[in-house]
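Please examine the sequence and the three-dimensional structure shown here before reading on. The paragraphs below are meant to be followed with the structure in view.

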Amino acid sequence: MAKRKHICICLVLLLLVSGSALHAQLFQQKWKIGPEYEIDHVVKPGDEAGKGEVEVSLKVPYDEILFVKNHSNYKGRFDISIMIFRNGEQCVSENWIEDLSLNEFSMTNSRKNAFEVRRSYQLEPGTYRLEVLVTDLNTQNRRKREKEIDMSRLADGPWMLGDLYVVKEKSVRSEGGEMPEAIYVGFTAAGVKGNHHFKYILFSGDKPVKQVNLKWSLKRKSMNIVFRCGPGT
């Protein structure tokens with residue numbers, strides 16, 4: 001009899017341990033199965049003297065969000081958290097809830113259409129770690145993304161030059177489909193005043209195919225520059 005009790009106690013303990021392990025495993029899985037999304041960032045000179053700016057962009061395709069029918073519309077709801085750290089210390093913490101409403105069911109399954117948002121933060125030149133957490137509030141599933149941000153080069157020299165980024169792309173239709181006619185590229189500069197020369201080079205693989213020299217009149221405060229990059233420039 002005592003032996004049976006001992007066996008029963010061992011089985012109960014084993015079930016408890018297995019249950020705890022299973023619960024931890026399910027929790028870990030729940031953390032990983034949240035909506036897929038893209039994050040990106042652009043480093044620019046900041047509006048404040050001696051500071052840079054990082055613009056964080058977030059893109060969540062509609063079919064990664066659970067939409068619930070509400071009368072004639074489809075409602076999606078998710079929580080976004082953005083945190084930025086430097087040397088283990090938190091510099092930025094922002095959290096908010098987004099509510100989406102679509103009037104067509106087909107849109108809820110679209111990967112082409114997406115929710116997009118941008119947030120900008122003024123930071124001192126240095127290296128940072130970006131953490132983004134998105135939680136679908138209709139499923140409570142969430143996904144975390146991390147990215148390194150290097151703003152240290154903004155402290156080099158008398159002026160600041162931000163990242164290059166694509167503003168828009170103009171295409172023309174050909175027999176083989178759409179081909180890029182021109183790409184509009186932008187960057188932000190600050191710290192010096194006067195006329196300055198810039199040069200860009202287009203590459204096809206490792207081979208340079210075009211070189212263009214440009215000149216702009218800059219100001220000491222941050223100034224956005226956009227130029228057309230492609231044939232005919």
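The explanation that follows treats strands, aromatic rings and charged side chains in turn.

This is a predicted model, in which local features need pLDDT of at least 70 and side-chain atom pairs count only at pLDDT 80 or more, while totals for chains, interfaces and linings use all residues. Residues are numbered from 1 along each chain as its sequence is written, and side-chain values use heavy atoms, with hydrogens and water left out.

We begin with the strands. A strand is a DSSP run of type E with at least two residues, numbered from the N terminus, and two strands pair if DSSP finds at least two bridges between them. Three strands in the order S1-S2-S6 make up an open sheet with antiparallel pairing. Strand S1 (38-45) and strand S6 (114-123) are the edges of this sheet; each has a single partner strand, so one side of each is left without a neighbour in the sheet. On average, neighbouring strands here are turned by 15° against each other, direction ignored; the axes behind such angles are lines fitted to C-alpha atoms, and angles run from 0 to 180 degrees between N-to-C directions. Ten bridges join strand S2 (residues 52-61) to S6 in the antiparallel sense, and within this pairing Val60 has Phe115 of S6 as its bridge partner. In a regular strand, the side chains alternate between the two faces of the sheet.

Strand S12 (residues 194-204) and strand S13 (residues 207-218) are joined by eleven bridges, and Phe198 has Leu214 in S13 as its bridge partner. S12 and S13 form a hairpin with two residues between them. Gly205, in the turn, has a positive phi of about 70°.

The aromatic rings come next. Rings of Phe, Tyr and Trp (its six-membered ring) pair if their centres lie within 6.5 Å; planes under 30 degrees apart count as stacked, over 60 as edge-to-face, and the rest as tilted. The structure holds five aromatic pairs. In one of them, the ring centres of Tyr62 and Phe67 lie 6.1 Å apart and the planes stand at 85°, so the pair is edge-to-face. Are these two residues buried or exposed? A residue is buried at under 20% relative accessible area, exposed at over 50% and partly exposed in between (1.4 Å probe, protein chains only). Tyr62 has a relative accessibility of 13% and therefore counts as buried; Phe67, at 11%, also counts as buried. The rings of Tyr74 and Phe105 have centres 5.7 Å apart and planes at 55°, so this pair is tilted. The pair links distant parts of the chain, since Tyr74 belongs to strand S4 (residues 73-86) and Phe105 to the loop between strand S5 (89-102) and S6, 31 residues apart. Tyr74 is buried, with a relative accessible area of 15%. Elsewhere, ring pairs link Phe187, Phe198 and Phe227 into a cluster.

Charged side chains also meet rings. A charge sits over a ring if NZ of Lys or CZ of Arg is within 6 Å of the ring centre and within 35 degrees of the ring normal. The charged end of Arg145 sits over the ring of Tyr37, 5.4 Å from its centre, and that of Arg119 sits over the ring of Trp96, 4.0 Å from its centre.

Arg119 leads on to the salt bridges. A salt bridge is a side-chain nitrogen of Lys or Arg within 4 Å of a carboxyl oxygen of Asp or Glu, and the count comes to 15. Glu94 forms one with Arg119, the closest N and O atoms being 3.1 Å apart. This pair links Glu94 in strand S5 with Arg119 in strand S6, 25 residues apart. At 25% relative accessibility, Glu94 counts as partly exposed, and Arg119 is likewise partly exposed at 25%.

Which residue forms a salt bridge with Arg111? The partner is Glu64, with the closest N and O atoms 3.1 Å apart. Arg111 lies in the loop between S5 and S6, and Glu64 in the loop between S2 and strand S3 (68-70), so the pair ties together parts that are 47 residues apart in sequence. Finally, Arg129, Glu131, Lys144 and Glu146 are linked in a network of salt bridges.

Key: Helix = DSSP H or I, 4+ residues; strand = E, 2+ residues; numbered from the N terminus.
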